[in-house]
Amino acid sequence: MESRFSRRQILKLMGLSLCSPAFSKLAVAADTPWVLGFGSCMDTRKNQSFWETLNARSFSHFAFLGDNLYPERDTLIGLETAYQKLGLSEGLKKLRERVSVSAIWDDHDFGADNADASLPFRRESLALFRIFWTQDYASDDDGIYSSQMFEHQGRKIHLILLDARFNRTAYESPKKLDSNLTSSKPFEPSLLGARQWEWLEAELNRPADLKIIGSSIQVLSAEHRFEKWMNYPDEYERLVGILGRISAPTLILSGDRHLHEISKKQLVSGRALYDFTSSGFNKAEGLSRFERNKLRVQRNLDDGFGEVQIRWVDNVAYVSMSMIDKTGEVRFTHSDFVV
Ligand SMILES: [Fe+2]
């Protein structure tokens with residue numbers, strides 16, 4: 001069985017580096033890339049001009065990574081009304097007519113700011129999501145996680161979309177927050193829940209040339225005070241450990257943060273892991289200018305969406321990650337072999 005390191009060695013033997021003219025020619029000759037558009041944090045009450053830009057571009061698939069709507073009130077009626085308004089979006093209708101689309105939720109389209117499994121109307125929210133985002137789900141009743149396998153030039157791209165809301169608990173014990181509360185049970189924080197973990201491990205072990213994981217909250221960026229996988233350190237370690245061990249390389253996409261950035265972490269196994277965050281179709285708030293992230297390789301604080309282009313050199317994915325603003329201008333691009 002081919003080891004993951006031999007792929008990079010193959011590239012070296014071919015004399016290819018990212019800036020070599022040989023690679024540029026090869027990349028251009030590799031004709032049509034597979035293109036995944038994605039984004040998060042979309043408010044029907046704000047500027048909708050991004051739709052025109054988005055619908056002028058060619059995508060192989062488009063993924064909405066949560067906070068796809070913002071209810072005016074954190075109630076079931078507020079959520080229903082927000083879905084009705086989003087259903088009137090001509091831009092979304094046009095996108096869904098021409099491109100296959102999938103989605104996950106984050107807190108606001110789940111039902112409330114920072115909501116978790118204690119949301120009183122989480123079952124009703126689940127039903128609303130499934131009526132609106134017609135797609136196949138991995139479970140009937142355990143949330144909205146899903147996966148799809150795409151074929152591109154004889155290679156397999158496996159898109160795995162996670163649900164970080166339906167089974168999520170608080171990450172700090174209520175006891176710790178309120179010393180008057182006592183409980184005999186030890187507090188066990190949960191992000192994905194046992195059934196989703198079982199499904200995810202099986203999905204990650206399916207053969208593919210590239211895995212793409214969509215998570216509503218950031219996986220790698222950990223120095224900020226907002227929601228992130230690192231608030232659940234056991235589950236963070238579990239995910240990153242698996243991604244270092246499986247045979248296929250993985251790219252992570254995330255949302256939620258009202259900013260666009262790319263983080264890169266060198267795993268113990270030698271593999272490099274990227275987390276490309278695109279957040280703020282029309283709701284990037286520019287509030288995180290001073291936020292630290294030692295893993296950051298790119299950042300932009302304006303409105304826009306993300307685009308991932310995948311080309312193949314031998315069987316290695318050459319991935320270009322771009323942030324595109326609402327006027328269509330590419331604000332950053334970072335390209336690398338994902339091995
Ligand atoms: Fe969010």
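Seven strands form an open sheet in the order S4-S5-S6-S7-S9-S8-S10, with mixed pairing, where two strands count as paired if DSSP finds at least two bridges between them. Strand S4 (146-152) and strand S10 (296-300) each have a single partner strand and stand at the edges, so one side of each is left without a neighbour in the sheet. From one strand to the next, the twist averages 15°, the axes being lines fitted to C-alpha atoms and the angles running from 0 to 180 degrees between N-to-C directions. S4 pairs with strand S5 (residues 155-161) in the antiparallel sense over seven bridges, and Leu161 in S5 is the bridge partner of Ser146.

This is a predicted model, in which local features need pLDDT of at least 70 and side-chain atom pairs count only at pLDDT 80 or more, while totals for chains, interfaces and linings use all residues. Residues are numbered from 1 along each chain as its sequence is written.

The chain as a whole has ten helices and 13 strands, taken as DSSP runs (H or I, at least four residues, for helices; E, at least two, for strands) numbered from the N terminus. Of its 339 residues, 40% are buried, that is, have 20 or more other C-beta atoms within 10 Å of their own, with C-beta atoms placed from the backbone.

Neighbours within four places in sequence aside, Leu251 is in contact with Leu210, Ile212, Tyr274, Phe276, Val319 and Val338, contact meaning C-beta atoms, placed from the backbone, within 7 Å.

Terms used:
Contact = placed C-beta atoms within 7 Å. Buried ≥ 20, exposed ≤ 12 C-beta atoms within 10 Å, placed from the backbone.
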